[in-house]
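Please examine the sequence and the model shown below.

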Number of protein chains: 2
Amino acid sequence: MDLWVEERNQDTHAVRFRVERVLFRGESEFQTVEIVETAAHGRMLLNDGLIMLTERDEFVYHEMIAHVPLLAHPGPRRVLVIGGGDGGTVRECLKHRDVEHVRLVEIDGLVVDACREHILRTAACLDDPRVQVTIADGVAFVAETAERYDVVLVDSTDPIGPAQPLFGREFYGNVRRVLTDQGIVVSQCENPWYEGPAQRALLDILGEVFPVVSLYNYYNLTYPGGMWSFSFASKGPRPDGELNPPRVEALGELQWWTPAIQRAAFALPAFQRRALGLET
Amino acid sequence: MDLWVEERNQDTHAVRFRVERVLFRGESEFQTVEIVETAAHGRMLLNDGLIMLTERDEFVYHEMIAHVPLLAHPGPRRVLVIGGGDGGTVRECLKHRDVEHVRLVEIDGLVVDACREHILRTAACLDDPRVQVTIADGVAFVAETAERYDVVLVDSTDPIGPAQPLFGREFYGNVRRVLTDQGIVVSQCENPWYEGPAQRALLDILGEVFPVVSLYNYYNLTYPGGMWSFSFASKGPRPDGELNPPRVEALGELQWWTPAIQRAAFALPAFQRRALGLET
């Protein structure tokens, strides 16, 4: 059997991966969750048929969502991850020795359960004593919690379905409320090739809420188009400051992030800068 | 009819684009040359079924192969392009006012003819009076010519078939011979995700021939895996020097390249640095 999984992008472009076998398929109240063993890209998680991660390249996304803000912050101790039920983002946060507590708020318990069963590379860390997993709506959580965090990471799916409110003004007002004085929020911010207006809309919202707003890119192997972005917003810290060498050293051997990558990620291509209303 | 063109990578990964119609199909002594009109990515050139360019994203490759070395060189006047029969690389070279002469040496006249007929966005520049088009084997050309060039751009296909000698030691010895004192050669250098050993092999060869050797990345929308590399080698100029503002200004509005991108492109991910034997 010639078995392939395909993700279409706007019905004009697609990526495909050869699949050895289907490991898991389940329906939650939010989405279909599937995990397959690919021929050359390790295990792959799909939500509603969209590729969330593969074991082959998940380190790009997870290192870049976590290390950029955690190293930009002067001393992060408490991190809130919204979404990210696979655990990869939490795993990278735990590499920071000063981090004492990571709370994962994932809306769909089925994602967490499926990854705990089939993708230990990302989910094994969820048993770490510094981690608390909460199955709840992240939008409601930030609206209601009395807890405070130094860094919030919005590790969301695309702004359709359950993730839509995560791209809104009200949500980021609440994120500001839960952030400490030097707090930083980094969010999954779509693809500059196909989603320029969505990127600009999110930056505009962040600009109403935070004094420091920026955007940086990374390059997944398995997302359509490869190039993808994170937004960066903070109450003060900038992403281009000096890095603390002992804190970098403590991270150990990484696969993607380097100090040079931290700076380079904020160098946006000319067409993207124009689409965002920035000078080239 | 649901018409798609697909490029497979190692038979485990593929990219696909919806096609409206086939504009050209021809066989040369070297390869099959095809041009299709895609639904959302403009016209696409394929050699032996491999995607060479689309109108939607060709600027990434062409700006990055040309502007990085031409701006690193103190005053490039003569440029030799080997391969690149579509004309996109030549077009970018001509944006540099000091460039007086660009010679394109393309082995396959059918590529040039097909692009002159169907992809004017890249090929129209080939009628510029500063351009000379030579249909010949680039390997033989650099072995035999008495001409000298400030910059050589190896705009080749993958190291299989006619392009294979373009990845060899003898070829680069001849490139050194045709380069002037401050000469630079930049070459298409494959994909770090799938072709790490090929990248290291080419850098090793360049290191035997040139005192300055480096590698930089760019991010095509339409190549499998997105991230791709160029090698940079020179008789002296480094890629990280100060840029000349009037020369940058003279380039006009670009789509990808910026001064920050010039620096950022040399920040390689940790896994790629290790594969190349560089310190992380």
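Gln10(A) lies in the loop that joins β1 and β2 of chain A, where helices (H or I, at least four residues) and strands (E, at least two) are DSSP runs numbered from the N terminus. The model is a predicted one, in which local features require pLDDT of at least 70 and side-chain atom pairs count only at pLDDT 80 or more, while totals for chains, interfaces and linings use all residues. Residues are numbered from 1 along each chain as its sequence is written, and chains are lettered from A and ligands numbered from 1 in the order in which they are written.

The backbone of Gln10(A) has a phi near 55 degrees, a positive value in a residue other than glycine. Most residues other than glycine have a negative phi. In chain B, Gln10(B) occupies the loop between β1 (4-9) and β2 (13-27). Its phi is likewise near 55 degrees and positive, and Gln10(B) counts as exposed with 12 C-beta neighbours inside 10 Å.

Chain A as a whole contains 10 helices and 12 strands. Its C-alpha trace spans about 55 × 45 × 35 Å along the principal axes. A compact globule of 280 residues would have a radius of gyration near 19 Å, and the 18 Å of chain A agrees with this; the radius is taken over C-alpha atoms, and the globule rule is 2.2 Å times the number of residues to the power 0.38. Of the 280 residues of chain A, 51% count as buried. Among contacts in chain A between residues at least 6 apart in sequence, 66% join residues at least 24 apart, a contact being a pair of residues whose C-beta atoms, placed from the backbone, lie within 7 Å.

The domain assignment divides chain A into domain 1 (4-52) and domain 2 (58-275), with bounds that come from an automatic or database assignment. The contact between them takes 20 residues from domain 1 of chain A and 19 residues from domain 2 of chain A. On the side of domain 1 that touches domain 2, the elements giving two or more residues are β1 (4-9), β2 (13-27), β3 (32-38), β4 (43-47) and β5 (50-54) of chain A. Of these, β2(A) gives the most, with 5 residues. By class, this side of domain 1 has 10 nonpolar, 8 polar and 2 charged residues; Ala, Val, Leu, Ile, Met, Phe, Trp, Tyr, Cys and Pro count as nonpolar, Asp, Glu, Lys and Arg as charged, and the others, Gly among them, as polar. The C-alpha centres of the two domains of chain A lie 23 Å apart.

How are the two chains related to one another? Chain A can be laid on chain B with an RMSD of 0.0 Å by a turn of 180 degrees and a shift of 0.0 Å along the axis. That is the relation of a two-fold axis; the superposition is by least squares on the C-alpha atoms of residues with pLDDT of at least 70 in both copies.

The contact between the chains takes 31 residues from chain A and 32 residues from chain B. On the side of chain A that touches chain B, β2, α9 (259-264) and α10 (270-275) of chain A each give two or more residues, and β2(A) gives the most, with 6 residues. The residues of this side divide into 19 nonpolar, 8 polar and 4 charged. The copies meet through the same surface, because 100% of the interface residues of chain A are also interface residues in chain B.

Pro269(A) sits in the loop between α9 and α10 of chain A and is buried, with 27 other C-beta atoms within 10 Å. Apart from neighbours within four places in sequence, Pro269(A) is in contact with Trp256(B) and Ile261(B).

The largest nonpolar core has 160 residues, of which Met64(A), Val152(A), Met64(B) and Val152(B) touch the most other members. Such a core is a set of buried Ala, Val, Leu, Ile, Met, Phe, Trp, Tyr and Cys residues joined through C-beta atoms within 7 Å. Not counting residues up to four places away in sequence, Met64(B) touches Tyr218(B), Phe230(B), Trp256(B), Trp257(B) and Ala265(B).

How values were computed: Buried ≥ 20, exposed ≤ 12 C-beta atoms within 10 Å, placed from the backbone. Contact = placed C-beta atoms within 7 Å.
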